[in-house]
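Please look through the structure below slowly, from its overall division down to single residues. The paragraphs that follow are meant to be read beside it.

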Amino acid sequence: MKAVQIVSPGSVEQLRLVEVPTPKPGPGEVLVRVHAAGVNYMDLRQRSGAYPTPVAYPFVPGVEVAGVVEAVGPGVDDLPRGARVAGLRVSGGGYAEYTTLPAQGTARLPDGIGYAESTALLVQGLTAQGLVESAPEIQRGASVLITAAAGGVGALLIQLAKRAGAGKVIAAASSDDKLALARSLGADVGVNYAKAGWVDHVLEATGGRGAEVIFDAVGGELRAASMEGLASRGRIVIYGSASGSLGITDAEIGKLPAKNHSISGYSLYVPLAEEPAWIPSTLATLFKLALAGHLRTPVHPPFALEHAAEAHAAMGGRNTTGKVVLSVA
């Protein structure tokens with residue numbers, strides 16, 4: 001079968017289309033004929049060699065898969081051959097024509113939801129829902145600032161935060177086109193952080209108070225600047241650092257007590273490891289919302305499997321909106 005490997009850490013040129021053996025499902029696993037594979041920032045960091053957890057090269061990236069069950073391993077009786085499914089393969093292997101998935105973390109894909117669309121509800125959808133659940137103040141009408149608001153997580157986070165009761169959702173992105181998408185998804189205010197003085201617009205939108213919750217996965221100078229737009233007793237929730245820099249210095253940490261600011265982190269790996277039942281139940285809820293038209297899942301025009309390097313370049317250059325997907329079949 002064809003697969004895309006990272007042959008060694010480095011640039012997008014390290015992504016190569018190769019022939020590898022088709023895997024066989026083990027106990028508790030299903031073999032899936034991949035139709036769509038999601039692309040995530042963790043894939044880019046694994047490719048560059050910057051991912052915190054080392055991988056052994058050559059390595060096939062990709063943790064999000066949607067497709068059709070081709071075969072089942074011992075102990076699997078609820079996902080028959082031919083079933084449309086979507087699921088997570090935490091160890092990678094999604095950039096391929098076939099891959100195996102653990103049956104426990106694989107959900108049936110309802111008719112009416114496309115393969116590419118479903119990948120947006122895996123890592124990104126689960127992360128967005130987990131972020132909202134991690135900030136109960138949203139249910140009390142807290143104002144929310146979302147950076148990278150036109151990205152895979154951001155686009156869903158706007159909608160889920162509004163549904164949960166956020167008083168005002170402020171979308172921050174790097175272009176006016178991206179902000180137009182964010183507003184179409186329900187953001188109350190859009191600020192362009194590629195322009196000077198963007199934090200002033202956050203303060204203006206919140207009556208001078210600042211946002212009570214900030215969700216950030218960008219890091220770097222943007223994260224440091226966003227702290228200036230955080231309300232007294234507010235909290236910034238970090239769920240990634242796409243810039244490669246944490247962006248919070250010792251000096252910034254030293255300022256936290258002055259306004260009772262706090263910083264917390266979020267990783268989908270925690271519920272994956274500690275609350276496995278949360279995954280399929282939450283996916284079922286997200287699928288229902290999408291089917292009912294209550295949750296839009298913007299998808300960037302898909303890239304063919306053999307063009308994975310182009311997908312990485314576009315995503316790394318912040319030239320995408322919505323979910324980035326490889327079309328495999």
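Two strands are said to pair if DSSP finds at least two bridges between them, and strands (E, at least two residues) and helices (H or I, at least four) are DSSP runs, numbered from the N terminus. In these terms, strand 8 (residues 143-146) and strand 11 (residues 211-216) run parallel and are joined by three bridges, with Ile146 standing opposite Phe215 in strand 11. This is a predicted model, in which local features need pLDDT of at least 70 and side-chain atom pairs count only at pLDDT 80 or more, while totals for chains, interfaces and linings use all residues. Residues are numbered from 1 along each chain as its sequence is written, and side-chain values use heavy atoms, with hydrogens and water left out.

The protein chain is divided into domain 1 (2-109 + 299-327) and domain 2 (124-268), with bounds that come from an automatic or database domain assignment. The C-alpha centres of domain 1 and domain 2 lie 29 Å apart, and 11 residues of domain 1 are in contact with 10 residues of domain 2, where contact means heavy atoms within 4.5 Å.

Within strand 12 (residues 230-238) lies Arg235, which counts as buried at 14% relative accessibility; buried means under 20% relative accessible area, exposed over 50%, and partly exposed in between, with a 1.4 Å probe and protein chains only. Leaving aside neighbours within four places in sequence, the contacts of Arg235 include Glu137, Glu212, Ser262 and Ser264.

A search of the whole structure finds one aromatic pair. The rings of Tyr193 and Trp198 have their centres 6.0 Å apart and their planes at 65°, so the pair is edge-to-face; rings of Phe, Tyr and Trp (its six-membered ring) pair if their centres lie within 6.5 Å, and planes under 30 degrees apart count as stacked, over 60 as edge-to-face and the rest as tilted. Tyr193 is buried, at 17% relative accessible area, and Trp198 is buried as well, at 8%.

Rings also take part in another kind of arrangement. The charged end of Arg84 sits over the ring of Tyr115, 4.7 Å from its centre, and Arg33 lies over the face of Tyr98, at 5.2 Å from the ring centre; such a charge is counted if NZ of Lys or CZ of Arg is within 6 Å of the ring centre and within 35 degrees of the ring normal.

Finally, some loops hold backbone details. The peptide bond from Tyr57 to Pro58 is cis, with omega near 0°, and Pro58 is placed in the loop between helix 1 (41-48) and strand 4 (64-72). Ala148, in the loop between strand 8 and helix 4 (152-164), has a positive phi near 50° although it is a residue other than glycine.
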